[in-house]
Amino acid sequence: MIRSMTGFARANASHDTLELVCELRTVNHRYLDVQFRLPEDLRGLETALKTRIGERLSRGKVDCTVLMRRQPGATAASALDHDALATLAETCDDVRHAIPGLSAPTTLDVLRWPGIVAETKVDPDSLGAAVMGLVDNAIDELDAMRGREGERLATMIRERLSAIEAIGTEVRERRPGIVAAATAKIEERIAKLSSDADPARLATEVAILAQKLDVDEELDRLGSHVTEIGAVLKRQEPIGRRLDFLMQELNREANTLASKSADGVTTNLAVELKVLIEQMREQIQNIE
């Protein structure tokens, strides 16, 4: 399946009291370039996430953002640190003995004291597995979107390939008439220069002209490239670089065709051919 390098995906998941969100944004790039925005608690997953994304995507600039926040209404599990509580009680007794008359701390004062109440930490292994699964889901959605966009690009390319084939057919059909018209002009020019035209010279001039106007090889190569592009579009692998190379080959034949043009119609057809190739080239820059 043809895939575009441009896409966006968002996936959500829950883990204990946490809400996890992953966003993937991709644009075209010569190679695979992955950038992360992760909470500090998830920094250790960056290498594993990069490997996972690299297993699914071959090209493109990828921005991966993972957000982690507590679910609305959820409270963190907590527990009293009894050792810290005993230390605080001893310290309070010492202060009251040193400074008689001080009031005892309230329960709320004690709970607010740093270290007395500790939140139960989420198991890092289970959290890591949840995040990896979340990113997998986001990649699945991204892959589907890039596939849909890729098919749209393939349809556009095939339409232009058909137009290129039509131009090639028209140029080939016009060629005998163009050569005949150019030959007639040479004959007329030689006749004006000399009433007794040399048949050998005329034959030589006609042969040179025919060689200059001969575009059969260019049209054959043009058709061959069109056929190859159609075959590449059916491949189940990344094809962007190969298509980009074939666009260069098509453009080379179009330039040669334009240089050999001997009439306005063929020149216009060569220009239209280059426009079609450029339209394909621009879109192919987005294909993986």
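These legends describe close-up views of a predicted model. Local features need pLDDT of at least 70, side-chain atom pairs count only at pLDDT 80 or more, and totals for chains, interfaces and linings use all residues. Residues are numbered from 1 along each chain as its sequence is written, and side-chain values use heavy atoms, with hydrogens and water left out.

**View 1. Overall fold of the protein.** The protein has eight helices and six strands. Helices (H or I, at least four residues) and strands (E, at least two) are DSSP runs, numbered from the N terminus. Their order from the N terminus is β-β-β-α-β-β-α-α-β-α-α-α-α-α. Of the 288 residues, 33% are buried (under 20% relative accessible area; exposed is over 50%, partly exposed in between; 1.4 Å probe, protein chains only).

View 2. Two strands pair if DSSP finds at least two bridges between them. Strand β2 (residues 18-27) runs antiparallel to β4, with ten bridges. Val21 has Leu67 of β4 as its bridge partner. Strand β3 (residues 32-37) is parallel to β4 (residues 60-70), with six bridges. Here Gln35 is bridged to Asp63 of β4.

View 3. Strand β3, helix α1 (residues 46-56) and β4 form a β-α-β unit that is left-handed. A crossover is right-handed if, with the strands pointing away from the viewer, the path from the first strand over the helix to the second runs clockwise.

**View 4. The largest nonpolar core.** A nonpolar core is a set of buried Ala, Val, Leu, Ile, Met, Phe, Trp, Tyr and Cys residues joined through side-chain atoms within 4.5 Å. The largest one holds 30 residues. Ile157, Ile164, Ile229 and Leu250 touch the most other members. Two or more residues each come from α4 (124-193), α6 (216-232), α7 (240-259) and α8 (264-284). Helix α4 gives the largest share, eight residues.

**View 5. A nonpolar surface patch.** Leu80, Leu111 and Val117 make up this patch, with about 230 Å² of accessible area together (Shrake-Rupley method, 1.4 Å probe; for residues, only the protein chains shown count as cover). Patch residues have over 30% relative accessible area and no salt bridge; like charges are joined within 9 Å, nonpolar side chains (Val, Leu, Ile, Met, Phe, Trp, Tyr) within 5 Å. A salt bridge is a side-chain nitrogen of Lys or Arg within 4 Å of a carboxyl oxygen of Asp or Glu. Val117 lies in strand β6 (residues 117-119). Val117 is partly exposed, at 36% relative accessible area.
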